[in-house]
Amino acid sequence: MAGLPHILIVDDSRVVRATLMQHLKGYYEVREEADGDAAWQTLVLDHSIQAVISDLHMPKLNGLELVERIRASKLRRLQELPFILVSGEETEEDRQRATDAGVSDFVTKGVGSAEILLRLKHLLALSEAREDLDAGRERMVQDPLSGLFTRKFLELQTAQALSHSARHGGDSSLLVFGFDGYQGMCERLGADTAAEVGHRFARMLAGKIRQEDSLGHFGAGQYAIVSPGTALSYCATFAERVRQAVEVSRLSVQGQPLSVTVSIGLAGVPADHVTSAGALLDLAGHRMQEAMQAGGNRIVSGGVAPATRTISIHHALELLASNRADAVKPHLVALAKQLGPLLQLLDKELGLALPLAEIEHRLNERTGQK
């Protein structure tokens, strides 16, 4: 009996329940409840139930109210659960209300075993086919390990974004991120550990994108974001923030510190003249490869530069702690100007006799000021 499909019978009549159970005996494992409210509690708790056969007129919660509650549930398995209503003298209007509420099928009171078994067989076969279809769709849409969108689905999202841009004249952009030296990371740490580093990065990205953006896999150690309605210049600014955040990140893997960087390729319309989703994805991916071949830890965007902004003193200290002084040097003048008031206070309070005038003179020389 343990291997048989589980069915719930709901009826306030003990005789009716016993009759239905006799019809199903040997074909199904049967549970029974005497009212709709008890049936609801059973359905929530018992995940094994695959179908419901219910009377319409019951105390506490009638059959119509029960199916309405089931269909309104947040539990997907209940939303699609086969529900057979045992009908008696209901009118066509009553049946239509029941159908609108989500009843799957009807059986007439007093019907024989063959009819009930046939209805259940068809409904359970339909339910299984729907589950298989949903599972196949999810495999196409989402990677089973990371939960991220697949590249195929990203291409569909890109096509939709391009279509919207063509109709309304707006922008749409793509960002492709790739770990520099990912193959070497796999060889040093193992493929599973390297993939987990990628999952951490993806979770960070997922927390920073908009609801209308789509994040998914592009390749091994590579991720893409489809951003409809966003101009490349804004994406370039976002990409630069991500690049900087990864550059100063302090990861620990297998008890050892791990320094990682990413290269980023950007593409979008109308800035790039492409006519297909596949071409736009390929262009962004090609630009990511260009960034890697140029030394990595950089962005290639087809000439669109991120908005320039001075890094913070805190960010500069993080870069220095990571032995990345070269990343700080372009910002030295702006950082020194931020520190000017602090140096003046230290000089005054501690009597250091700092060469503040000379420092200011050298800074002005750097910026071409007299």
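Two strands pair if DSSP finds at least two bridges between them. Helices (H or I, at least four residues) and strands (E, at least two) are themselves DSSP runs, numbered from the N terminus. The model is predicted, so local features need pLDDT of at least 70 and side-chain atom pairs count only at pLDDT 80 or more, while totals for chains, interfaces and linings use all residues. Residues are numbered from 1 along each chain as its sequence is written, and side-chain values use heavy atoms, with hydrogens and water left out.

Begin with the sheet. Strands of a sheet pair through backbone hydrogen bonds, either parallel or antiparallel. Here five strands form an open sheet with mixed pairing, in the order β7-β8-β6-β11-β12. β7 (214-219) and β12 stand at the edges with a single partner strand each, so one side of each has no neighbour in the sheet.

β6 and β11 run antiparallel and are joined by eight bridges; in β11, Ser263 stands opposite Gly178. β6 also pairs with β8 in the antiparallel sense, over seven bridges, and there Val176 has Ala224 of β8 as its bridge partner. The pairing of β11 with β12 (residues 299-300) is parallel, over two bridges, with Ile264 opposite Ile299.

Next comes the packing. A nonpolar core is a set of buried Ala, Val, Leu, Ile, Met, Phe, Trp, Tyr and Cys residues joined through side-chain atoms within 4.5 Å. The largest one has 30 residues, and those with the most contacts inside it include Leu175, Phe201, Leu205 and Leu266. Among the elements that give two or more residues to this core are β6 (172-179), α9 (191-206), β8 (222-228) and β11 (262-269). The largest share, seven residues, comes from α10. Apart from this core lies another, of 22 residues, among them Leu8, Val10, Ala39 and Ile70.

Finally, turn to helix α13 (residues 332-350), where Leu346 has its place. Leu346 is partly exposed, with a relative accessible area of 34%.

Definitions and conventions:
Buried < 20%, exposed > 50% of the residue type's maximum accessible area, 1.4 Å probe, protein only.
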